[in-house]
Amino acid sequence: MKYLFVCFFVLFSEYESFSIVIAEAWATGTPVISTSVGIASNMNKELGIQVQSKNLESLKNAMLSIIEDKIVFDSSQIIRKAKEFGSEAILKKWEKLIEKHVG
């Protein structure tokens, strides 16, 4: 018997400030299906699928695209993107911001 294992994260929100859960999903190499909120507002197609808010048909079609292998994602590429939100990367951004404004 063959089993199908499909993994993706769904965030079907109308509003999110940053949406840390998306960065956490990416850190595990998991593609995301999300509305245009938080860090998913500029999400490229290598990281997941963006769907329309309140549009269940859009959500259904995105889920089926992954389940039926119409769209396949590279988990290592997704993990690389997640590193932009890791502690080291964020610390460097804070240091640059502090240097710019404090000296």
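Which handedness, left or right, does the crossing of helix 1 and helix 3 have? Let's take a look.

Before you click, know that this is a predicted model, where local features need pLDDT of at least 70, side-chain atom pairs count only at pLDDT 80 or more, and totals for chains, interfaces and linings use all residues. Residues are numbered from 1 along each chain as its sequence is written, and side-chain values use heavy atoms, leaving out hydrogens and water.

**Stop one: two helices.** Select residues 20-27 (helix 1) and 75-82 (helix 3), whose axes come within 7 Å and cross at roughly 135 degrees. Axes here are lines fitted to C-alpha atoms over the stretch in contact, with angles from 0 to 180 degrees between N-to-C directions. Helices are DSSP runs of H or I with at least four residues, and strands are runs of E with at least two, numbered from the N terminus. The crossing is left-handed, meaning the near helix is turned anticlockwise from the far one by less than a right angle.

Now show the side chains of A23, W26 and A27 on helix 1, plus I78, I79, K81 and A82 on helix 3: they make the contact (heavy atoms within 4.5 Å).

**Stop two: helix 4.** Jump to residues 87-102.

**Stop three: two loops.** Pick S19, between strand 1 (9-11) and helix 1. S19 isn't a glycine, yet has a positive phi of about 65 degrees. At 5% relative accessibility, S19 counts as buried. Finish at D69, in the loop between helix 2 (56-67) and helix 3; D69 has a positive phi of about 60 degrees, though not a glycine.

Definitions and conventions: The expected span of a helix is 1.5 Å times one less than its number of residues. Buried means under 20% relative accessible area, exposed over 50%, partly exposed in between (1.4 Å probe, protein chains only).
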